[in-house]
Amino acid sequence: MIPYKKRILENGLTVVVNRDRSSKLSAVNLLYKVGARNEDPDRTGFAHLFEHLMFRGTCDVPSFDLPVQMASGEDNAFTNNDYTNFYLTLPVDNLETALWLESDRMQGLWITPEKLETEKRVVVEEFRQRYLNQPYGDQTMLLRALAYRIHPYRWATIGRSTDHIEGATLDEVEHFYRTFYRPSNAVLALSADRDEEAMLDLAEKWFGELQDTPFTPAPIPQEPQQEEARTLVVERDVPATTISIAYHMGDRLSKDFCTGDLVSDLLSGGDSSRLYQHLVKDERLFASVNAYISGDVDPGLFILTGQLLPTTTEEQAIEAFHRETESLKHEAASAYELEKVKNKFEANALFGELNVMNKAMNLCYYDFLGDLELINREIAQYRSIDTERIFEFARRIFRAENSSTLIYRAR
Amino acid sequence: MKELPIKNVQPAIEIADAELVSLKNGMQLYLLPANKFAVMRLTLLFRAGSSRQSVPFSASATANLLAEGSEAMTAREISEQLDFHGSYFDVNTDRDYVYISFAMLSKFVPETLRVAEQLLLHPTFPEEEVETYRLKRKQRLQIERQKVDVRAREAFARAMFGADHPYGHSFEEAAYDQLTREELVAFYRRHYTASNGFAVCSGRIGDEERKALCALLEQLPAAEAAPRPEFPPICQEREVRLAHEGAVQSSIRIGRLLFPREHPDFVGMQVVAATLGGYFGSRLMQNLREQHGYTYGVISAMVNFEREGYLAIATQVGTEVTEEALKEIYYEIERLRHETMSDEELQLVKNIMTGEMMRILDGPFGIADVTIENILCGRTNRIITENVERIRSITPEEVQRLAEKYLRREDLVTVVVG
């Protein structure tokens with residue numbers, strides 16, 4: 001249970017605060033409602049490149065990191081398909097430093113051609129390090145592009161190619177900044193041992209004077225229903241073949257989210273889960289297996305993936321996955337098994353509340369989803385899932401014509 | 001523009017000492033109660049790392065197979081019990097030690113400790129599980145070694161200590177074939193004893209928990225401590241270059257063999273390492289990433305083993321700029337040796353280091369981790385306050401003197417894979 005207070009400033013900025021009485025640290029999280037799904041298909045990877053530029057200094061503060069570090073703080077950021085998130089922790093007495101810096105860079109960013117060029121090179125190196133210079137590095141990219149034809153989820157946050165990053169211009173940077181980095185397109189959350197009203201007032205002090213120019217974002221093209229099974233085979237220099245199967249499912253606020261998440265836990269949450277017990281231990285078909293949901297805001301994917309042992313054929317592996325998804329349609333999970341995955345969810349939620357940063361981050365995220373209350377209601381939602389819901393989910397989702405199979409074959 | 005609100009607060013950093021409970025079998029249990037949390041974590045540590053093994057991979061295999069079957073429970077039952085109660089079991093093996101942790105909700109302490117008892121005291125290492133393990137690990141290591149970074153890490157250890165030194169060893173994947181159940185049982189008997197380790201527990205600890213912990217740990221056999229193995233002399237190679245087919249980035253490691261944590265200059269060298277590459281705005285990060293765009297990231301740090309310690313710099317750069325990047329790294333090291341840093345930069349480094357300490361100590365599990373490190377150096381948690389004072393009192397001249405003394409070009413070990 002995370003208690004919080006919320007205020008929407010006149011310029012549209014949403015502020016959420018949580019009092020944590022046990023920590024000597026404070027956490028500040030600022031979420032902008034822009035991610036890779038808002039990108040031009042010919043300029044993918046831009047939201048993430050822009051996140052990097054946010055650390056390149058403003059008219060008043062030449063370096064963002066320097067004053068953070070002077071205040072014994074630490075900051076970082078990430079971008080995903082749906083949003084861009086900036087976060088800091090620092091000693092609670094220095095909390096205001098973070099608010100000053102975040103409010104300053106919401107409107108004062110100063111990007112020169114030189115800064116842009118250097119940052120593009122850094123991001124290209126990140127692209128190489130994470131996706132090109134790693135065995136299996138391009139696997140999730142390929143799977144996305146196979147499962148989505150229309151929706152921008154078809155590309156990864158890093159972008160479709162390094163060319164898109166190298167081609168970014170200063171005009172595009174400025175336009176993107178004006179469009180998306182505004183008070184009414186952001187959510188700010190604080191967690192610290194401070195009075196809640198005082199924290200809201202502090203946010204008001206630093207962010208209240210910022211101007212907001214409303215805009216209507218371009219609609220995001222939605223993915224039409226998939227009609228037939230898709231398969232892609234690629235060959236790579238890797239020691240073992242992996243197979244991934246992606247199924248389309250509902251969006252983040254639909255009932256599918258919790259059900260899909262719970263089903264993925266039945267299949268692969270911990271060593272006692274079905275895929276691990278059946279396919280890794282009993283049948284020894286795979287070296288490792290996983291089932292997970294992409295968890296995106298728009299309709300997402302349910303993904304099964306496994307790395308084959310040398311003695312397993314691709315047909316055997318696909319057949320094994322098929323057996324597991326079929327069984328979900330017809331055999332009810334036991335009360336014991338359901339209780340297990342629900343307990344696990346509850347434990348994870350509790351372990352996650354141990355530090356201030358997680359709390360501030362989650363407060364922003366749930367408000368961004370449009371349902372802040374959900375942060376404290378989700379456990380009950382998991383608790384309410386019964387065998388009927390699982391049957392319904394499995395029968396609707398695990399169909400061949402709803403599937404995309406990627407065979408990543410060892411050469 | 002409003003006035004800059006930086007107050008630059010320098011909070012005191014103090015952590016209470018752990019309460020030591022000495023059990024009758026010689027086991028030492030350290031307690032760090034934090035009763036406002038509804039969770040608890042128990043960590044056991046044994047001197048059972050890879051430097052203690054005589055058969056390749058036997059140390060990590062012993063630790064990783066603890067949960068794969070016991071006298072009273074199958075592997076399946078163990079994982080069912082842990083998962084059902086939302087408990088986490090985690091093992092980690094390094095060169096010197098094995099760390100075994102159980103994290104649990106307070107309401108499921110007895111259930112979790114019952115499982116812990118099985119896998120700590122009565123593991124059976126079933127033949128079948130050993131076989132699956134060999135197969136899976138072999139494949140995993142093959143994949144790992146396709147990464148330039150992993151190959152560089154292994155080559156760096158060999159270059160720093162020698163291929164036959166327990167701190168430098170790396171083994172062929174095929175060595176997994178030689179791993180037998182008998183070896184694991186023997187390794188377990190020799191090293192998982194009361195006199196060869198200790199335990200640290202943090203979180204909500206009341207009378208019930210205390211009793212349960214003692215009852216569990218008192219059962220560890222009180223066998224004589226395994227003798228400390230003799231290490232061969234260190235044998236270094238100054239420069240190693242390995243080709244890696246198809247690489248678009250090179251992995252670079254540069255380091256200098258120094259001393260373990262107990263040495264009076266260790267903390268000072270942590271300041272040197274932090275200045276070079278210990279934070280986002282560090283000198284190497286400024287140079288390689290912000291100025292040149294050669295890399296996504298670069299770090300440097302002091303690394304501590306039981307008997308040795310070293311400073312290491314690590315980065316991955318575009319293959320086409322490898323030589324330029326090496327030149328810049330050496331340049332930054334030399335600059336630190338020949339120019340006195342400004343008070344302002346040093347103040348920044350100090351604040352970062354103390355802030356980092358506060359972040360690690362935020363929450364009961366972080367406090368336990370730091371306590372473990374302190375125990376390993378034979379110190380109480382008062383050393384935290386002393387170290388912070390030491391960091392806050394260091395001068396620019398001292399940093400330069402340390403860099404000058406310990407980072408001479410001819411003493412550095414350089415490894416490039418790419």
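A: The C-alpha centres of domain 1 and domain 2 of chain A lie 28 Å apart, where domain 1 covers 5-207 and domain 2 covers 230-410, with bounds that come from an automatic or database domain assignment. This is a predicted model, in which local features need pLDDT of at least 70 and side-chain atom pairs count only at pLDDT 80 or more, while totals for chains, interfaces and linings use all residues. Residues are numbered from 1 along each chain as its sequence is written, and chains are lettered from A and ligands numbered from 1 in the order in which they are written.

The contact between the two domains takes 34 residues from domain 1 of chain A and 26 residues from domain 2 of chain A (in contact means C-beta atoms, placed from the backbone, within 7 Å). On the side of domain 1 of chain A that touches domain 2 of chain A, the elements giving two or more residues are the strands S2 (14-19), S3 (25-32), S5 (84-91) and S6 (186-192) and the helix H5 (139-147) of chain A; helices (H or I, at least four residues) and strands (E, at least two) are DSSP runs, numbered from the N terminus. S3(A) gives the most to this side, with six residues. By class, the side of domain 1 of chain A that touches domain 2 of chain A holds 18 nonpolar, eleven polar and five charged residues, where Ala, Val, Leu, Ile, Met, Phe, Trp, Tyr, Cys and Pro count as nonpolar, Asp, Glu, Lys and Arg as charged, and the others, Gly among them, as polar.

Elsewhere in chain A, A:Ser103 sits in helix H3 (residues 95-107) and is buried, because 22 other C-beta atoms lie within 10 Å (buried needs 20 or more, exposed 12 or fewer, and partly exposed is in between). Leaving aside residues up to four places away in sequence, A:Ser103 touches A:Trp206, A:Phe207 and A:Leu210, whereas A:Leu232, which is 129 residues from A:Ser103 in sequence, is 46 Å from A:Ser103 in space, C-alpha to C-alpha.

Two helices of chain A, H9 (residues 255-268) and H12 (residues 335-352), pack at an angle of about 110° with their axes 10 Å apart, so that H9(A) is roughly perpendicular to H12(A) (65 to 115 degrees, with under 35 roughly parallel, over 145 roughly antiparallel and the rest oblique). Axes are lines fitted to C-alpha atoms, for helices over the stretch in contact, and angles run from 0 to 180 degrees between N-to-C directions. Here A:Leu262, A:Asp265 and A:Leu266 of H9(A) meet A:Glu337, A:Val341 and A:Lys344 of H12(A), a contact with three nonpolar, no polar and three charged residues.

Chain B itself comes to 14 helices and eleven strands, its C-alpha trace spans about 65 × 55 × 45 Å along its principal axes, and 48% of its 418 residues count as buried.

Within chain B, the axes of helix H8 (residues 266-277) and H11(B) come within 10 Å and cross at roughly 105°, and H8(B) and H11(B) are therefore roughly perpendicular to each other. B:Val271, B:Ala274 and B:Thr275 of H8(B) make this contact with B:Val349, B:Ile352 and B:Met353 of H11(B), which by class gives five nonpolar, one polar and no charged residues.
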